[in-house]
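This briefing covers the structure shown below. The points are grouped by topic.

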2 protein chains.
Amino acid sequence: MSEGLIRRPTAIYMQVADQLATAIKRPDSEYAPGSKLPSETELMARYGISRPTARAAVDELVNMGLIEKHHGRGSFVRDQTPPSGELPRSVTWSAKEKRYLVPELSQVEPPVVTRTNIVGELAAALERDEDDAEDAFHADHLLTTGSARVAHRVIIPIGVAAEVPALAAAPDAPIGEIYAHLAEIGPLWWDEWVSARTPLPDERSSLGLADASPLLITHRVTHGPDDRPLLYEELHAPAARVRLTYQIRPERKTTKPRTSRSSRAV
Amino acid sequence: MSEGLIRRPTAIYMQVADQLATAIKRPDSEYAPGSKLPSETELMARYGISRPTARAAVDELVNMGLIEKHHGRGSFVRDQTPPSGELPRSVTWSAKEKRYLVPELSQVEPPVVTRTNIVGELAAALERDEDDAEDAFHADHLLTTGSARVAHRVIIPIGVAAEVPALAAAPDAPIGEIYAHLAEIGPLWWDEWVSARTPLPDERSSLGLADASPLLITHRVTHGPDDRPLLYEELHAPAARVRLTYQIRPERKTTKPRTSRSSRAV
DNA sequence: TATCATTTGTTCGTATGTATC
DNA sequence: CGATACATACGAACAAATGAT
């Protein structure tokens, strides 16, 4: 009947949570990914605890990221398999085709283009003056790697679009084409930074995320000759499904390290 | 007396949490970082709610990462300076010093060295045969960027350590020195992949994470001549505090894209 | 379509333990 | 030592979502 002895010193709900967590993490566990955990009522009976204590134990498992709770259905073991899909973030130069190559993802929905001005973080990244805000095209893409959906936003400052008319004509073109057009200005290089956070509810639905697993976010600024920032991109991908891959080659020391993103003087 | 009306529909504890969260996030807030939140008893009186409801509201704020609770002291507003710290992931080559340069982080604790064998994911990354497992040094470092703690694990296969005696002598050396020694074998390049997940409880404590904010995880394999994998690194950093930065230069197309990490035939 | 049992969500009341000052 | 504040635990009730009847 009893599921293992419960020692006094540490909190009961913690002990129950630990036992369940161990059971879940055991390889050939009775709690396989996707399977249902005992209901709160059943935990009460099984461990001889009250409802609040059972709830606290289950909540602890949620905090550990081991299970998900669903109102009216029950608690279910999350799939802990590490991300399999790869999202290559490197850029190659094809000497034969004389253009930059990036992996293209297939489109899930037609891109949406809007036009707003450049402020805040974005202004800093593009080294634009926020007080004299320049306009920009926003192209929002919803793509898929095959195993996961990713959201991709491409932001083209109006000034750059004016310089490269092909961009103004099709700001929602695939990113490979955008790079090809930008390359007309001169050789390109990219600055990228990666962060992660818990997704917001609307992001969960648009990216088809089941749970509260984190969102990987990459920001990329395309630089042209004279290190001029030309383009901004933001990519949101579910960390549970994909990992970002980079190939790192040593840079020549001479290239002065461009440090912090624009610390504008006041 | 009453701190704002409370509508019925949504959960009371949620409404209280929202009000407090808004108050905390307001710029010139009465709840500055470090200041003390009203105690549970005070919240009960102020909003006319019960103890469990007050607790639930405060717990919600903890989950949002806005406050920290301390037994017997109270709840305190966290410093919310978001992703400020940068963790540069690029490598530079100093022609003058004839060595690779990487940003060094300062040590929080002396590194711990253990010795285990190479299996699973690790074996795949290092292209080792799992059935004839090679041993490896594990060096675990606890470092700080100034604004955040990061955990760094360096894994040196015994074969490589035998080839480069300096590594066997000090497997817990800073990563810059490790690279310097490896460079004796030949020119190096790196393969890196990035994922993120919710931290486990013990990771939360060792990295000093407030709560469920995600963990950024980078895996890096150092390759020597003939693309031979020499070294494996894993870095864990709190996504709320740091972002990883990359500088991307186009690669020559000729470099054949090494795709999936070792699909061993059976 | 409507109803019912199951399961989690929310809320109250109450009591006692333990850390901090 | 005592006051304050958070931690743990019990009991009880009703609400809301879900799935099956």
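**Surfaces near the DNA**

The surface near DNA strand C is made up of 10 polar, 7 nonpolar and 4 charged residues. The model is predicted.

DNA strand C
- Around DNA strand C there are 21 residues, of which the nearest are A:Ser39, B:Ile12, B:Ser50, B:Thr53 and B:Gly72.
- Two or more residues of this surface come from each of α2 (40-47) and β2 of chain A, and from each of α1 (12-25) and α3 (51-63) of chain B.
- α3(B) has the largest share of the surface near DNA strand C, with 4 residues.

DNA strand D
- DNA strand D is surrounded by 19 residues, and A:Ile12, A:Ser50, A:Thr53, A:Gly72 and B:Ser39 are the closest.
- The element that gives the most to the surface near DNA strand D is α3(A), with 3 residues.
- By class, the surface near DNA strand D holds 10 polar, 5 nonpolar and 4 charged residues.

Hairpin of chain A
- Strands β1 (residues 67-70) and β2 (residues 74-77) of chain A run antiparallel and are joined by 4 bridges.
- Across this pairing, A:Glu68 stands opposite A:Phe76 in β2(A).
- The two strands, β1(A) and β2(A), form a hairpin with 3 residues between them, and A:Gly72 in the turn has a positive phi of about 80°.
- A:Gly72 is also one of the closest residues to DNA strand D.

**Contact between chains A and B**

- In the contact between the protein chains, 37 residues of chain A meet 36 residues of chain B.
- On the side of chain A that touches chain B, at least two residues each come from β4 (92-94), β5 (99-101), β9 (189-197), β12 (242-248) and β13 (251-252) of chain A.
- β9(A) supplies the largest share of that side, 9 residues.
- The side of chain A that touches chain B has 19 nonpolar, 10 polar and 8 charged residues.
- Over 2 bridges, β4(A) pairs in the parallel sense with strand β13 (residues 251-252) of chain B, and A:Thr92 has B:Glu251 as its bridge partner in β13(B).

**The sheet with strands from both chains**

- An open sheet of 8 strands with mixed pairing has the order β6(A)-β7(A)-β8(A)-β11(A)-β10(A)-β9(A)-β12(B)-β3(B).
- Its edge strands, each pairing on one side only, are β6 (106-117) of chain A and β3 (85-88) of chain B.
- On average, neighbouring strands of this sheet are turned by 20° against each other, direction ignored.
- Within the sheet, β7 (residues 135-144) and β8 (residues 149-157) of chain A run antiparallel with 9 bridges between them; A:His138 has A:Ile155 as its bridge partner in β8(A).
- Helix α7 (residues 175-182) of chain A lies across β8, β10 (215-223) and β11 (229-238) of chain A, and runs at about 165° to β11(A).

**Relation between the two copies**

- Chain A is superposed on chain B by a rotation of 176° with 1.0 Å of shift along its axis, at an RMSD of 1.9 Å.
- This is the relation of a two-fold axis.
- The residue of chain A that comes closest to the rotation axis is A:Ala196, at 3.5 Å (C-alpha).
- Both copies use the same surface, as 89% of the contact residues of chain A recur in chain B.

How values were computed. Residues are numbered from 1 along each chain as its sequence is written. Chains are lettered from A and ligands numbered from 1 in the order in which they are written. This is a predicted model: local features need pLDDT of at least 70, side-chain atom pairs count only at pLDDT 80 or more; totals for chains, interfaces and linings use all residues. A residue is near a molecule or strand if its C-beta atom, placed from the backbone, lies within 6 Å of it. Ala, Val, Leu, Ile, Met, Phe, Trp, Tyr, Cys and Pro count as nonpolar, Asp, Glu, Lys and Arg as charged, and the others, Gly among them, as polar. Two strands pair if DSSP finds at least two bridges between them. Two residues are in contact if their C-beta atoms, placed from the backbone, lie within 7 Å. Axes are lines fitted to C-alpha atoms, for helices over the stretch in contact, and angles run from 0 to 180 degrees between N-to-C directions. Copies are superposed by least squares on the C-alpha atoms of residues with pLDDT of at least 70 in both.
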